[in-house]
Amino acid sequence: MKEEIIKLLKESDSYVSGEEISKGLGITRASVWKHIKALKEDGYEIVGVSNKGYKLVNSPDLILKSDINKYLTTGYIGQNIEYFKLLSSTNDKAKLLGNSIDIKDGTTIIAEEQSDGKGRLGRYWSSPKGGLWLSIILRPNIEPTNAHKITQIASAALIKTLNSYEIDAKIKWPNDIYLNNKKLCGILTEMKCDMDRINYIIVGVGINVNINSNDIPEELKDTATSLKIETNISYDRNKLLALFLNNFEYLYIDFIEKNIYSEVAEISKTHSLILNKQAFLVTSRGKEKVNCIGLDDNGELIVVDENGNKKNILSGEITFK
């Protein structure tokens with residue numbers, strides 16, 4: 001109900017009477033007052049004047065479904081949003097929901113904060129207020145061996161979204177987005193499947209948006225950044241989220257329905273952080289020094305090891321340390 005009241009106040013340039021809110025939403029005047037009080041506690045600056053009503057003066061930086069919907073053009077990705085002020089992890093919540101057949105394909109879990117956000121290999125991901133922390137539940141009819149492409153679809157969608165703000169970000173294969181050589185976004189894709197069938201895929205995305213430098217842990221200040229730190233601009237997170245979901249669905253549907261992956265492959269190549277560089281490849285078999293010489297049309301990394309052997313890598317991690 002609070003979101004409906006905020007929507008009414010945002011749509012008006014002047015005062016909205018308590019009676020008008022009461023009739024429009026089918027609630028009592030006492031209930032209107034109670035929700036207005038709760039909104040003020042959430043950080044909304046609302047002025048109340050006798051015989052005039054209520055007027056929204058200023059809004060906090062919060063995720064709102066009604067504000068997302070202003071920019072959302074998807075068919076189903078993000079059309080069902082589960083919003084939380086705080087979660088331990090949006091991926092963990094998405095996995096719990098993903099086990100239910102009643103949860104719609106494309107359902108998106110969003111939290112203002114994560115207390116136990118995770119990246120690849122179980123690494124801790126700092127998730128304070130001001131970022132975008134979300135997980136998308138997908139049920140694609142594709143072979144499990146093609147699931148790695150979903151991560152790269154998310155990476156390409158992030159690049160397209162950031163490019164629309166004239167931000168020149170880079171992809172560190174397979175799942176990180178960098179800006180000015182510091183980590184801006186991370187993607188964690190998890191899957192539950194049988195031998196030949198995917199039950200669900202969870203695409204977890206973390207974007208450092210309106211995060212100040214003092215919100216980044218001291219041990220990460222040399223390696224992590226945010227949009228606000230790099231551009232000195234505060235962004236509309238609802239719009240940014242909607243644009244990402246729009247781009248993601250476009251590339252995702254191209255792949256799962258038409259088997260078209262060419263745009264993702266091209267974005268992965270032209271915006272790569274690692275191509276033609278020497279780095280370390282970390283896999284389950286250990287760590288080795290390699291030269292990253294290319295990406296093939298299936299999103300596999302092409303490297304040359306210290307013995308001169310050329311090989312395609314489907315999964316692993318690239319590091320420069």
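**From a valine patch to a buried serine**

Val-47 sits in strand β1, which covers residues 45-49. The model is predicted. Val-47 has a relative accessibility of 30%, so it counts as partly exposed. The cut-offs behind that label are under 20% for buried and over 50% for exposed. Val-47 also belongs to a nonpolar surface patch.

Next, an annotated stretch. UniProt, in an unreviewed entry, places the feature "DNA-binding region" at residues 18-37. In the model, that span is 85% helix and 0% strand. Its end C-alpha atoms lie 13 Å apart.

Now move along the chain to Ser-272. This residue lies in the loop between α9 and β10. Helix α9 takes in residues 262-270, and strand β10 takes in residues 277-283. Is Ser-272 buried or exposed? Its relative accessible area is 17%, so Ser-272 is buried. The limit that decides this is 20%.

What does Ser-272 touch, leaving aside neighbours within four places in sequence? The contacts are Lys-170 and Ile-171. A polar atom of the Ser-272 side chain lies 3.3 Å from the backbone nitrogen of Leu-275.

Terms used
Residues numbered from 1 in each chain as written. Predicted model: local features only at pLDDT ≥ 70, side-chain atom pairs only at ≥ 80, totals over all residues. Heavy atoms only, no water. Helix = DSSP H or I, 4+ residues; strand = E, 2+ residues; numbered from the N terminus. Buried < 20%, exposed > 50% of the residue type's maximum accessible area, 1.4 Å probe, protein only. Contact = heavy atoms within 4.5 Å. Polar contact = N/O pair within 3.5 Å; in protein donor to acceptor, adjacent residues only side chain to side chain. UniProt positions renumbered as here; feature names shortened; annotations may be inferred. Patch = residues over 30% accessible without salt bridge, like charges linked within 9 Å, V, L, I, M, F, W, Y side chains within 5 Å. Areas by Shrake-Rupley, 256 points an atom, 1.4 Å probe, with all protein chains shown as cover. Salt bridge = Lys/Arg side-chain N within 4 Å of Asp/Glu carboxyl O.
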